[in-house]
Amino acid sequence: MANPPLWTETPLLFSSKISETLGVSAYLKLENLHPSHSFKYRGLSLFAQRALETHGHAVHLIVASGGNAGLAVACAANALNVKSSVYLPSGAAQSTLDILRRQGAEVIVTGRFYAEALQAAQAHVNREHHAVLAPAYDHEVLWEGHGSMVSEISSQLSSKPDAIFCSVGGGGLLGGLIHGCRQIGWDDVPLITLETIGSDCFFHSISLNSGRFNSVKKLLPPDVNVVEDLEHGVTLAHFNKFSSRASGSLGASQPSPRVVKMALSRSGNVVCASVPDELSMQALGLFTDDHKLLVELACSTTLTPAYKPAFFDRLMPVKASGEKRTVVFIVCGGFKISLDDATEYRRLADEDKARGGTWSVLINDGSTFGVDK
């Protein structure tokens, strides 16, 4: 890069609690510590820097997002002293509008749905010479920026991890991890992806491809369609509506076709699992208690195996040699969380636990795994 990055290296924290619970060496990559409170600041600040190099200080960064991508663009524009505008559909929380405006962003509320806000943002770019539309997740510059966390992990760990855990929405973070692993020779490190049932477009997309368990019958949940992406040679699951509370950050209508293709062709395994909201809610409360950090439901989804040893072992089997496993959980962060939210999530998880039984988790071999409540 011509200029130093706007982000600073984030800590890789050894978690004694999770390590003891799982019988492994568990590390937390604290991506919640960026100025925008999420990993998205890496890729989108790099995109902003590249746009500034191309257009000069007249550049106007435009983004359609009611979530973490919008705040990352606003923070990057603020740091670079350039203009930014964030388009969001009606219904966005006042707290979201306030935090964007505190970063100096122009906030435009338009349309009833995200697609309408995106259409308005694109129209703005079309009529302004130095306006640039920032992508939410499907762009190689974002993956380059997000991938920088892998090189940091490699310098912070004494050896290669046995797996890296992350959540997936549209696939921007996963694309960054795949890119970053490729850059440092970690293509063989398994990547384990977590989503919530009802906003799991990546899980279902992977299942439709390359001889996977759903590649023939192509059975999908209600309101989910099969999309053939001929340009990239992959089949995608397109969600028309979401039923998960994590969909504010994980709820992409469909994943990046390029990330799906990279995941399918990667030499290291990409393992996918989808969990119920209540399991993620429980993990959020436990993580907050143990590590004194508050994260979004989209982020705590990554941490669900950290508190369920049998679930963890299902995703990351014990080594035949008996050697202790070393794993990294990407704490991706997110600003759409409050103490009131966390309290409500804990209540809902506790109520569901009191009903007894197990939580059903979907695994990408087509099986269902029961997790003790």
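1. The lining of the second largest pocket divides into five nonpolar, three polar and four charged residues. The model is a predicted one, and the volume of about 220 Å³ computed for the second largest pocket should be read with that in mind.

2. The residues that line the second largest pocket are Arg245, Ala246, Ser247, Gly248, Ser249, Glu296, Leu297, Ala298, Lys336, Ile337, Asp341 and Tyr345. At least two lining residues come from each of helix 10 (247–250), helix 13 (297–300) and helix 15 (339–354), and the largest share, three residues, is supplied by helix 10.

3. Which residues does phenylalanine 202 contact, once its neighbours within four places in sequence are left aside? The contacts are with Val168, Leu174, Thr193, Glu195, Pro255, Val259, Val260, Ala263, Val270 and Cys272, a list in which Thr193 and Glu195 stand beside residues such as Val259 and Val260.

4. Six aromatic pairs are found when the whole structure is searched. In the pair formed by phenylalanine 165 and phenylalanine 312, the ring centres are 5.5 Å apart and the planes meet at 15 degrees, so the pair counts as stacked, given that stacking requires planes under 30 degrees apart. Because phenylalanine 165 belongs to strand 7 (residues 163–167) and phenylalanine 312 to helix 14 (residues 309–315), the pair ties together parts that are 147 residues apart in sequence. Phenylalanine 165 and phenylalanine 312 are both buried, and ring pairs link Phe165, Phe312 and Phe329 into a cluster.

5. Finally, helix 7 (residues 148–156) has Ser148, Met149, Val150, Glu152 and Ile153 as its buried residues. The elements that cover these buried residues include strand 1 (12–14), strand 2 (25–30) and strand 12 (326–331), together with helix 2 (40–55), helix 6 (140–146) and helix 8 (172–184).

Methods. Residues numbered from 1 in each chain as written. Predicted model: local features only at pLDDT ≥ 70, side-chain atom pairs only at ≥ 80, totals over all residues. Heavy atoms only, no water. 1 Å grid on protein atoms, 1.4 Å probe; cavity = no way out; pocket = protein on both sides within 12 Å on 5 of 7 lines; lining within 4 Å. Points joined across faces, edges and corners; volume = space filled by probe spheres on them. Helix = DSSP H or I, 4+ residues; strand = E, 2+ residues; numbered from the N terminus. Nonpolar A, V, L, I, M, F, W, Y, C, P; charged D, E, K, R; others polar. Contact = heavy atoms within 4.5 Å. Phe/Tyr/Trp six-rings, centres within 6.5 Å; stacked < 30°, edge-to-face > 60°. Buried < 20%, exposed > 50% of the residue type's maximum accessible area, 1.4 Å probe, protein only.
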